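Reader: I would like to learn how to read a ligand site and a few local backbone features in a model. Could you take me through them one at a time?

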Amino acid sequence: MNSLTLKSYAKLNLVLSILNKRPDGFHELKTIFERISLFDTITLKKTSGKILIRCAHPHVPKGPKNLVYRVALILKQDFGITQGVEIAIEKRIPVAAGLAGGSSNAATVLQGLNRLWNLGLSDAQLIAYAAAIGSDVAFFLYDSPYALGEGRGEKIKALPIKTKLWHVLVTPRLKVYTKDVFGALNLKLTRKKDDVNILLPFLKEDNLYSICSNLSNDLEPAILALKPHLGLLKDKLLDAGALGVCFSGSGPSVFALAKSQKHAQAIRAAFDKRFAQVFVVSTI
Ligand code: C5P
């Protein structure tokens, strides 16, 4: 095998509860991840020597700042691989948007290089690499549309849930840095109820209206403190007919829940695409 083409999906957080700040500076959290149908396409090709990233998107780093570069470098060093690899990323997932596109790409490259370079890594070993690379990477190794995430997001438990949700995903064309959002967080203001356990039974039962009224993201006050006008985006989605709305991760992406694909397309039509990228996506 000389090359391999793989899909790299995005995620949403249906609930994101921030529990406390840890001595290492990260925050302990509890979240429900949902894998969605928006994906990047990654092609890995064996080469001689170097790690090369090709991507037309101007904001995707082409060197060691890209998590996929780090994955390739760590595996090359740990397994004494002399070959190189060309990693071509066709980017559709908005960058730095709360959708874990970079983390998903890292998980995909980890799985892909395990095959391309015949490393023989077990699932448990892949998960250990993923956790060392970034908080959101491990989720994408599980072949499960929903999972519970704990720790700093890297401790994953796949959830046996079959519910298929339809969303309108709106990613404003502005930058919000994860680090700044966590920095603006006032932990005293966050709720103390167990939002994950409140949502889970409704998600299992496919109770759409109760899912919608129990979406939550503890980072929302911090996101709105940095970008107050993003609150209007949530209002606009609700005015356009969304059943529920929530920020994903540290934003700025906001997602809505819709009754069906057709309903999601109708909500999408209300948005001016000059100010935001707007997608209709489903659980996958
Ligand atoms: O995981 P990622 O690299 O996107 O995180 C960026 C920054 O967000 C971290 O350096 C940290 O400051 C903050 N963060 C946190 N707790 C987490 C995840 C991220 O404080 N669980």
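Reader: Which residues surround the ligand?

Author: Please keep in mind throughout that this is a predicted model. The shell around the ligand is made up of Gly 25, Phe 26, His 27, Leu 29, Ser 135, Arg 152, Thr 178, Lys 179 and Phe 182. Strand 2 (27-48) and helix 4 (178-183) each contribute at least two residues to this shell, and helix 4 gives the most, with three residues.

Reader: Which atoms of His 27, Ser 135 and Arg 152 lie at polar distances from the ligand?

Author: For a polar contact one looks for a pair of N or O atoms within 3.5 Å. In the side chain of His 27, an N or O atom is 2.7 Å from an oxygen atom of the ligand, while a polar side-chain atom of Ser 135 lies 3.4 Å from a ligand oxygen atom. Arg 152 takes part through its backbone, where an N or O atom lies 3.2 Å from a nitrogen atom of the ligand. On its own the ligand has 450 Å² of accessible area, and the protein covers 68% of that.

Reader: In which pocket does the ligand sit?

Author: The ligand sits in the largest pocket.

Reader: Turning to Ser 248, is this residue buried or exposed?

Author: Burial is read from relative accessible area, and buried means under 20%. Ser 248 counts as buried because its relative accessibility is 0%, and this residue is found in the loop between strand 9 (244-247) and strand 10 (254-258).

Reader: Which backbone atoms does the side chain of Ser 248 reach?

Author: The side chain of Ser 248 reaches the backbone oxygen of Gly 98 at 2.9 Å and the backbone nitrogen of Asn 13 at 3.4 Å. Leaving aside neighbours within four places in sequence, the contacts of Ser 248 include Lys 11, Leu 12, Ala 97, Asn 217 and Phe 255.

Reader: Which peptide bond is cis, with omega near 0°?

Author: That is the bond from Gly 251 to Pro 252, and Pro 252 lies in the loop between strand 9 and strand 10.

Reader: Where does Asn 118 lie, and what is its phi?

Author: Asn 118 lies in the loop between helix 2 (101-116) and helix 3 (123-133), and its phi is near 50°, a positive value in a residue other than glycine. Since its relative accessibility is 67%, Asn 118 counts as exposed. Asp 206 also has a positive phi, near 60°, and is placed in the loop between helix 5 (195-205) and helix 6 (208-212). With a relative accessible area of 44%, Asp 206 is partly exposed.

Methods. Residues are numbered from 1 along each chain as its sequence is written. This is a predicted model: local features need pLDDT of at least 70, side-chain atom pairs count only at pLDDT 80 or more; totals for chains, interfaces and linings use all residues. Side-chain values use heavy atoms; hydrogens and water are left out. Helices (H or I, at least four residues) and strands (E, at least two) are DSSP runs, numbered from the N terminus. Buried means under 20% relative accessible area, exposed over 50%, partly exposed in between (1.4 Å probe, protein chains only). A polar contact is a pair of N or O atoms within 3.5 Å; within protein, one must be able to donate a hydrogen and the other to accept it, and residues adjacent in sequence count only if both atoms are side-chain atoms. Contact means heavy atoms within 4.5 Å. A residue is near a molecule or strand if one of its heavy atoms lies within 4 Å of it. Accessible areas come from the Shrake-Rupley method with a 1.4 Å probe; for residues, only the protein chains shown count as cover. On a 1 Å grid over the protein atoms alone, a cavity is a set of points where a 1.4 Å probe fits but cannot get out, and a pocket is an open set with protein on both sides within 12 Å along at least five of seven lines; lining residues have an atom within 4 Å of a point. A molecule sits in a cavity or pocket if more than half of its atoms lie within 2 Å of its grid points.
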